[in-house]
Amino acid sequence: MPPQPLWVEEPATRRRMPDPVRRAAVRAVLITSLTLIQAMVAFLTEVTGSWLAFPTMLSSVGSTVIATWSVLDVWVTRQVWNQRNGVVSVPSSSARRLRRERRMARRAARAAERDGARIRRDAGRRLSRA
């Protein structure tokens with residue numbers, strides 16, 4: 001009996017994140033984890049009554065602001081990537097085409113109705129003057 005492999009590769013169900021977005025996400029995870037560690041150190045120094053409690057508390061507040069900024073950077077980078085490179089949405093593309101065709105048909109019908117009403121209205125005025 002041949003030995004079984006440790007893992008079996010399966011195709012990815014989701015596409016890979018673009019490189020700039022992935023870099024921003026990794027950066028955000030690292031900064032956030034360091035911020036959490038720093039907050040825990042601040043809490044423990046506060047509990048023990050150490051003189052480092054106040055400086056670590058101040059630095060953890062600053063780190064929280066930076067961590068929030070880095071998480072927002074992931075969101076902004078993702079939005080910019082989508083805006084510049086577009087999002088391929090294959091399933092909705094056919095639905096979008098059908099909606100566009102229906103919308104154009106409705107506009108054409110409304111325009112024809114308006115033209116017909118205007119012709120009738122103008123014809124009525126001309127007949128009364130003659």
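## Basis

Helices (H or I, at least four residues) and strands (E, at least two) are DSSP runs, numbered from the N terminus. This is a predicted model, where local features need pLDDT of at least 70, side-chain atom pairs count only at pLDDT 80 or more, and totals for chains, interfaces and linings use all residues. Residues are numbered from 1 along each chain as its sequence is written, and side-chain values use heavy atoms, with hydrogens and water left out.

## Salt bridges

The whole structure holds three salt bridges (a side-chain nitrogen of Lys or Arg within 4 Å of a carboxyl oxygen of Asp or Glu). R16, D19 and R22 are linked in a network. D19 pairs with R16, closest N and O atoms 3.9 Å apart. D19 also pairs with R22, at 2.2 Å. D19 and R22 lie three residues apart in helix α1, about one turn.

R27 and D73 also form a salt bridge, 3.1 Å from N to O. This pair links distant parts of the chain: R27 is in helix α1, D73 in helix α2 (residues 53-85), 46 residues apart.

R16 is exposed, at 66% relative accessible area. D19 is partly exposed, at 41%. Buried means under 20% relative accessible area, exposed over 50%, partly exposed in between (1.4 Å probe, protein chains only).

## Surface patches

M40, F43, L44 and V47 make a nonpolar surface patch of about 410 Å². Patch residues have over 30% relative accessible area and no salt bridge; nonpolar side chains (Val, Leu, Ile, Met, Phe, Trp, Tyr) are joined within 5 Å, like charges within 9 Å. V47 sits in helix α1 (residues 19-48) and is exposed, at 56%.

Technical notes
Accessible areas come from the Shrake-Rupley method with a 1.4 Å probe; for residues, only the protein chains shown count as cover.
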